[in-house]
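Welcome! Please take a moment to look over the sequence and the model shown here, and then we can walk through some parts of it together.

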Amino acid sequence: MTNVVDITDLRVSFATDSGTVRAVEGVTLQVASGEVLAIVGESGSGKTVTARTILGLLPETALTSGAVLLTRKDGSATHDIVTLRGNDLRDVRGRDAAMVFQEPSTALNPVFPVGWQIAEGLRAHRKLSDKDARAQAIDVLRLVGIPDPEHRVDHYPHQFSGGQKQRIVIAQALVLDPGLIIADEPTTALDVTVQAEILDLLRRLPQEFGSAIVLITHNMGVVADLADRVAVMYNGEIVEQADVHTLFSAPQHPYTRRLLDAVPRVGGRRLRDRVRVGDELEAMVVDDSATPVVEAKDLRIVYPGRLRQPDFTAVDGVDLVIRPGEVLGLVGESGSGKTTIGRAIAGLTPISDGSLKVHGVEMLRVKEKTFRPVRKRIGFVFQDPATSFNPLLTIAQCVAEPMVVHGLAPNPQEARPKVDELMEAVQLPKAFGDRFPHELSGGQRQRASLARALILGPELLIADEPTSALDVSVQARVLDLFARLQAELGFACLFISHDLAVVDLLAHRIAVLHRGVLVEEGTGDEVLGAPKHPYTQRLLASLPVPDPVEQAARRETWRNLRAHG
Amino acid sequence: MADLIPETGLVVAHATPPTPEHTSLWKRLPVVHQVRTSVGLQRTMLLVGIVLTLVFLFVAAFAPLLAPYGYAQLSSGDVNFGAQQPPSAEHWLGTTVGGYDVLSRTIWGARPAFLVIVAAVVLSIFIGVVVGLVSGYFGGWVDRVLVVIADALFAFPSLLLAIVVAIVISGGQSSMWGGVMAAAISLSVVMIPQYFRVVRAEVVRVKAEAFVESARVIGSGPVRIMGRHVLRNSTRTLPLILTLNCSEAVLTLAGLGFLGFGIEPTKAGDWGYDLSRSLSDVTSGIWWTAVPPGLAIVLTVLGATLVGESLNDLADPRLRTRRAAKAAALSPVTAVPGGVATDRVPGVESIDELEGPSDLFDDDEGLRS
């Protein structure tokens, strides 16, 4: 087999405001034709930079050295991308290697029909009539599984769903029949059921089109599902390269081992059943007879439609109960209403109908004045630790803010001892209190966020996707800390996540939301071990597991489910 | 193992630091910070702008010491200066048709120009920012009405308005403060909507940020949220508008003077007035009465505009040029987009300790349920 790409001793550095930084240091890598190579690593490991070099897509501030040899699919020409400029580079792009981007909603131009955008690549490389270009666009749309392509070719991007848009982006990459497709986190922005469909499509590409794929991802489940060979990057270097079965069964490098250990698995080790009493660990018991912290009955939340559009019902008749000391995991895909429920409990979104009692206060048409005292007893951890801190205040000031607002401390300085205590509880050094949010890493910021949510000793904590913006090993540590604190402090918690494995790790009970309706609720073993509702079954089957052998079996289950459902 | 900890953003430098907060206050001041981070043509433009502006401020501050004569002085001792005298040892830039010393008038002219800048900015910035903050934060119909009013005010020709105000204040020919305030008030009518729109747009953006939501969840009142969380995060474009408005203020004052609605020559130096009186000189070959006040206007406006434009370019990472990457002097760091510096903390051996022991994953197997 010939190599499509041959990277030798690639080094990339960037000019930034704080001087030169090295992103890639001496990467040597080959991709054979028809092979799927996954580059895995955490954010900042240089995986995206390496892949973008193959297309010469780095910004002007980049300084590249080494050789990147890209061979045309028919083997007629080989170019060193590093030295190519201008027209030569443009000639290679799209024809020899094409790219599939992470976010399909931004990769397509909203003001042109999708067929025109697919044909644009053709026009850039060959002279052909509009009719031929259109015919080719229709062909390729059919290949990627867009129904009724003759009609849909004239539609605009907003008329397609997220998964269809990603199919169109893949069609755009396929239309010139390149020897290599670079897929940069192609499923990260998609829901897990849609992800399974896209992965299925990507798996067909090498067999049906003979294209090699360079897959960039941080999701080990996706790697196990799709890749033939895996390269693990860390700090700009490749620390391990192996075929997928070897890597998952016998990882050599300590970093790889650590990465694989950190991936949460459904039915894997659980953190929730532990309570620390002194040094002993005991099973956590939730008192079912206690007065619930949160009690929702037939809860409905409707967003009013704009300009004669119909109203959007985000939450449609949900009943749920959170008892003191209990962790309720709320799972669902985007648009299922899980975040809306969390926001309603925190008083950020008004509820439209039904009943929602938080600490005994009825939230239907509640006045801010009535709810204000209850806010003290609720903590909230936001999804993105980067934006949930005021960038102009130090961490200590941010963490002290709840105390100052509720009059427990006259100013942030007075609150400092308590802040230090909390910082210790979340395992951050006290000195970090004087830092600004951007000077902390994502995981550290999320710890600080946890400290802020817990400083008033709330009886209820709402965590809205607290780890989805974090890398997998950092996520493991934050979840670990979370479980520890929950066990020690005994607060009730609504844990919102799209990741079944993460929820399984922490939650005593799991509730599955689908389009605003609660389809299934029960303990982790009930919901994930023996799902009753077809949606839960589909959700579970779509979730790729970080084990190539098991994933192959699951893929079959998923295919059967899809064929019958 | 300790040297290989997979925490994100470990041993990592800022990709694009907003402003390194631990550098000294002096280096973090708005303009100083930009000078330090800029390179090449952008830096030259910024420096030229700063120098021109500093010269202007210096001249305005020390006009009595720098100017050889007073702004309304017609004679030295008993000897009249004489009209339209060419440059000489006594009058370096000659005299005007009214018999004033050109150099002195030009130097004294910096004072009303400076005052009009201060007055116009003070009159407009506070109102504009506060109204923009409240309007953007609360939204609703008040916001919509205010935006329409602001848009309507944009259509006002400021010079025409200045003439009307000048007539109202002092019947056209006015004292120094009359002329300055006429220009300042009319300018504030046009500038308040500018500050309003800019601050409002930023507030609308900032109030959707998670940290404002988190303040609401905590139970902060609207005044505290606006003051502590929103306002300071919404003012980053203000220095830019401020510098551009400075040049507009100078031009309006000069325009008023040129049209004869400015400051009387006996009350203060006024570049616009001097220019208008030198109109007839230009055709008769007398250059020295028109060029100095004209240059003064041009250089003052140029200085402020250069500072403003450079700040604008430097604030935008896509427009900012950087020093080229040097292969030789590389530091052993790795870049993360939006990454974070995590240097060693005193008392902490490795970052592993920061992330805490992960023993819950490793210890007692029996706890698996």
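In which sense do strand E3 (residues 36–40) of chain A and strand E8 (residues 212–217) of chain A pair, and over how many bridges? They pair in the parallel sense, and five bridges join them. Please keep in mind that this is a predicted model.

## A sheet in chain A

Let us begin with the sheet that holds these two strands. Six strands of chain A form an open sheet in the order E6-E7-E8-E3-E9-E10, and the pairing is mixed. Strand E6 (97–100) and strand E10 (237–243) of chain A are at the edges; each has a single partner strand, so one side of each is left without a neighbour in the sheet. On average, neighbouring strands of this sheet are turned by 20° against each other, direction ignored.

A:Ile39 stands opposite A:Ile216 in E8(A). Helix H7 (residues 162–174) of chain A packs on the sheet, where it touches E6 and strand E7 (180–184) of chain A. The direction of H7(A) makes about 170° with that of E6(A).

Is E8(A) mostly covered or mostly open? This strand is mostly covered, with six of its six residues buried. On one side of E8(A) are A:Ala212, A:Val214 and A:Ile216, and on the other are A:Ile213, A:Leu215 and A:Thr217; all of these are buried, and both faces of the strand are covered.

E7(A) and E8(A) pair in the parallel sense, over five bridges. From E7(A) the chain crosses through helix H8 (residues 192–209) of chain A to E8(A), in a β-α-β crossover that is right-handed.

## Two loop residues with positive phi

Now for the loops of chain A. A:Glu185 is found in the loop between E7 and H8 of chain A. This residue is not a glycine, yet it has a positive phi of about 45°. A:Glu185 counts as buried because its relative accessibility is 8%, and the cut-off for buried is under 20%.

You will find A:Gln427 in the loop between helix H15 (416–425) and helix H16 (442–454) of chain A.

## Domains and a covered helix

How is chain A divided? The parts are domain 1 (3–96 + 178–262), domain 2 (103–168), domain 3 (267–377 + 458–530) and domain 4 (392–455). Between the C-alpha centres of domain 2 of chain A and domain 3 of chain A there are 41 Å.

Helix H4 (residues 114–125) of chain A has several buried residues: A:Val114, A:Gly115, A:Gln117, A:Ile118, A:Ala119, A:Leu122 and A:His125. Their cover includes helix H2 (86–92), helix H5 (130–143), helix H6 (149–152) and H7 of chain A.

## Chain B

Chain B has 17 helices and four strands. It has 369 residues, of which 49% count as buried. Among contacts in chain B with a separation of 6 or more, 74% come from residues 24 or more positions apart.

With a relative accessibility of 11%, B:Thr300 counts as buried. Leaving out residues up to four places away in sequence, B:Thr300 touches B:Phe56, B:Val250 and B:Trp271.

## How confident is the prediction?

For the complex, the predictor gives an ipTM of 0.73 and a pTM of 0.76. Chain B has a mean pLDDT of 76, and 76% of its residues reach 70 or more. Among the elements of chain B, helix H6 (residues 110–138) has the highest mean pLDDT (91), and strand E1 (residues 12–13) has the lowest (34).

Two stretches of chain B call for some care. Over residues 1–21 of chain B the pLDDT stays under 50, and the model has 69 contacts for them beyond four places in sequence. Residues 327–369 of chain B are also below 50, and this stretch has 108 contacts in the model beyond near neighbours in sequence. Where pLDDT is low, the predicted coordinates should not be read in detail.

How values were computed:
Residues are numbered from 1 along each chain as its sequence is written. Chains are lettered from A and ligands numbered from 1 in the order in which they are written. This is a predicted model: local features need pLDDT of at least 70, side-chain atom pairs count only at pLDDT 80 or more; totals for chains, interfaces and linings use all residues. Side-chain values use heavy atoms; hydrogens and water are left out. Two strands pair if DSSP finds at least two bridges between them. Axes are lines fitted to C-alpha atoms, for helices over the stretch in contact, and angles run from 0 to 180 degrees between N-to-C directions. Contact means heavy atoms within 4.5 Å. pLDDT is the predictor's confidence in each residue, from 0 to 100. Buried means under 20% relative accessible area, exposed over 50%, partly exposed in between (1.4 Å probe, protein chains only). A crossover is right-handed if, with the strands pointing away from the viewer, the path from the first strand over the helix to the second runs clockwise. Domain bounds come from an automatic or database domain assignment.
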